[in-house]
2 protein chains.
Amino acid sequence: MKKISINVIGVDLGATNIISLLVSKDGEVVARDARKTMGAKGKKKTISQIIISAKDVLKKGEEEGISAESIMALGIGGPGPLNGDGGVIHVAPNIPGWTNTNLVEELEGEFDLPVYLENDANAAALGEWWLGAGRGIDNLVLITLGTGVGGGIIIGGEVLHGARHTAGEIGHMIIREGGLLCGCGNHGCLEAYASSSAVVKRTVGAIKRGEKTVLTDLVKNKLEDITCKLVYDTARDGDKLCKQIVEETGEYLGIGITNIVNTINPEMVILGGGMAKAGDLLFKPVRKYVKEHAFTAAMKGVKIVPAALGVNAGAIGAVAHVLKKKDLLKMIESFDTDLIN
Amino acid sequence: MKKISINVIGVDLGATNIISLLVSKDGEVVARDARKTMGAKGKKKTISQIIISAKDVLKKGEEEGISAESIMALGIGGPGPLNGDGGVIHVAPNIPGWTNTNLVEELEGEFDLPVYLENDANAAALGEWWLGAGRGIDNLVLITLGTGVGGGIIIGGEVLHGARHTAGEIGHMIIREGGLLCGCGNHGCLEAYASSSAVVKRTVGAIKRGEKTVLTDLVKNKLEDITCKLVYDTARDGDKLCKQIVEETGEYLGIGITNIVNTINPEMVILGGGMAKAGDLLFKPVRKYVKEHAFTAAMKGVKIVPAALGVNAGAIGAVAHVLKKKDLLKMIESFDTDLIN
């Protein structure tokens, strides 16, 4: 009798950082590496960074007694829109020069492993579904609140990809027709109101319109030093303008979530990204708005909660993506971690 | 050798009319009955109307040589929110006195047949998917434009029910934060802008604000006689205000569809209900808006088309619901209508 473990490498290719994890089929993180994406240095450099990072966790795994044979595949979450089945990243808005890159081919050439590609936001949603805030919840929506607003939708335990692999672009839901200009060129998108950069922009706009706040003193009138975190911290300290901005942000997000609850009716909405760490300051107005505006029947029992996996969500989700492709996630409950040979 | 046909009764329970169809497994409509719902006369009366209507198509079917044994089940589309699996209509907003009615139990007591209940908008979406505009399209969204704005979502060939059987409430997507008051109590819902009653309301509002239109002459200043159809007809004749109202309605609908395309990314959006008969007058501005505002990658290949089944969609979809439950729809392609015994 011999113990056989099954392990997967999960990589999250972000605009700033690459995170690689070596994860067992049962969700135990065995090794981790994080390094810079170096997107500005070109595609070749970034691919080399991915390879170095993945090899680093392989090495660390070996030191922990994980044999190369036990590693079944490499999963990677990359910027969208992409075609997961074809392995191609069509456009990477925040990493220049990646148009129509077949990342799967590039990586399969380097590792003697099958490689599976998933959109990064979908991967993060899968990660939270597998090991995070959404454990056991088969119908959930993840909304990431960062420089942009991203999203991943899971229905019946499967990622909703849609007809063109672009489902989940929740940040570009129009919530105020004719409203603020969004980076995508439209007006009134959720992202233009509820991303961390939108919070900063709305705050700076209010200051320029003459609204009073202690923020101006805190940044010594250098408005470019205002961050989303600073706005939330200052709101927590009782500053009137910041409290108002934070309250409004909750309401804008509430509109987006109300629309999701009425349309898709998930069991859970998970908020991730830096802003989700603001706790009650963010969640209270969001929950209040949704409770007051979504259909009562749709809203019953819908939980709105913070993400649990932090920056690791994408890499963990990339592992979950592999395990799902291999039909191994369903098996966890039916047989034990160790196989008898 | 004996021919065995399989047939299903499909019923659409609407606020005004009940439509019953006898439909073969292959989608041939053998018999039809339509009669008043008579909701104001109480639940008992309406249930009796359903029974009379279903028995009518049974009788007509018999006259066409359809034996009672060939009828495998009765499917019914009813007003939501409901719990299709439990057979219970929780609330019927437009038929009084129906709170928590177990319609399946009521009908199974009357017919010697299994009865299956589905939400009416979902049933209409299923109908269009099976035999209408969405034939062969497994990812589609149906939006019905009537007194209200309803919706049904089909993903991977299955109705999206969501956690509480309330998915698809597209009419209550907020498209203009703080906008017009909706019947649901919220402000800025799609329904408050793009339903047929909203079109009338917005037109009357404009006239009362002093805008000039030939409509006032056409209805001899009786503004209560203005209908949605009249607004569209008058727009077609070149009236400036009506043209503007119609154009704006297309844009509002365009916002809703843009949000659906970016979030769910279906292959097709079908517009049903009376207003969808307006043709290019409605579809041109809708398609233009979505093309200009939805993500290019998401929008590629998305068709926005009118519904094909008219008022029969719900009853046909109720039949499709039964056939899906019985796993009979998949079989259509693999074996012929006639079984050899």
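So, α7 and α8 of chain A: on the α7(A) side we have A:Val231, A:Tyr232, A:Thr234 and A:Ala235, and they meet A:Cys242, A:Lys243, A:Ile245 and A:Val246 in α8(A). By contact I mean C-beta atoms, placed from the backbone, within 7 Å. Sorted by class, that contact has 6 nonpolar residues, 1 polar and 1 charged. Here Ala, Val, Leu, Ile, Met, Phe, Trp, Tyr, Cys and Pro are nonpolar, Asp, Glu, Lys and Arg are charged, and the others, Gly among them, are polar.

Before I go on: this is a predicted model, where local features need pLDDT of at least 70, side-chain atom pairs count only at pLDDT 80 or more, and totals for chains, interfaces and linings use all residues. Residues are numbered from 1 along each chain as its sequence is written, and chains are lettered from A and ligands numbered from 1 in the order in which they are written.

Back to the helices. α7 of chain A covers residues 228-236, and its axis is 8 Å from that of α8(A), at an angle of about 115°. That makes the two, α7(A) and α8(A), roughly perpendicular, a label for angles of 65 to 115 degrees. Axes are lines fitted to C-alpha atoms, for helices over the stretch in contact, with angles from 0 to 180 degrees between N-to-C directions. Helices here are DSSP runs of H or I, at least four residues, and strands are runs of E, at least two, numbered from the N terminus.

Now the other pair. Helix α3 (120-131) and helix α11 (313-325) of chain A cross at roughly 80°, and their axes come within 6 Å. So α3(A) and α11(A) are also roughly perpendicular to each other. Their contact splits into 10 nonpolar, 4 polar and 2 charged residues.

What about domains? Chain A is assigned domain 1 (7-127 + 322-332) and domain 2 (135-308), with bounds from an automatic or database domain assignment. Taken over C-alpha atoms, their centres are 28 Å apart. Domain 1 of chain A puts 11 residues into the contact and domain 2 puts in 12. On the domain 1 side, α3(A) gives the most, with 5 residues. That side has 6 nonpolar residues, 5 polar and no charged.

Last, the chains. How many residues of chain A are in contact with chain B? It's 36, against 36 residues of chain B. α8(A) turns up again, giving the most to the chain A side, with 5 residues. By class, that side has 16 nonpolar, 14 polar and 6 charged residues.

Conventions: Two residues are in contact if their C-beta atoms, placed from the backbone, lie within 7 Å. Angles under 35 degrees count as roughly parallel, over 145 as roughly antiparallel, 65 to 115 as roughly perpendicular and the rest as oblique.
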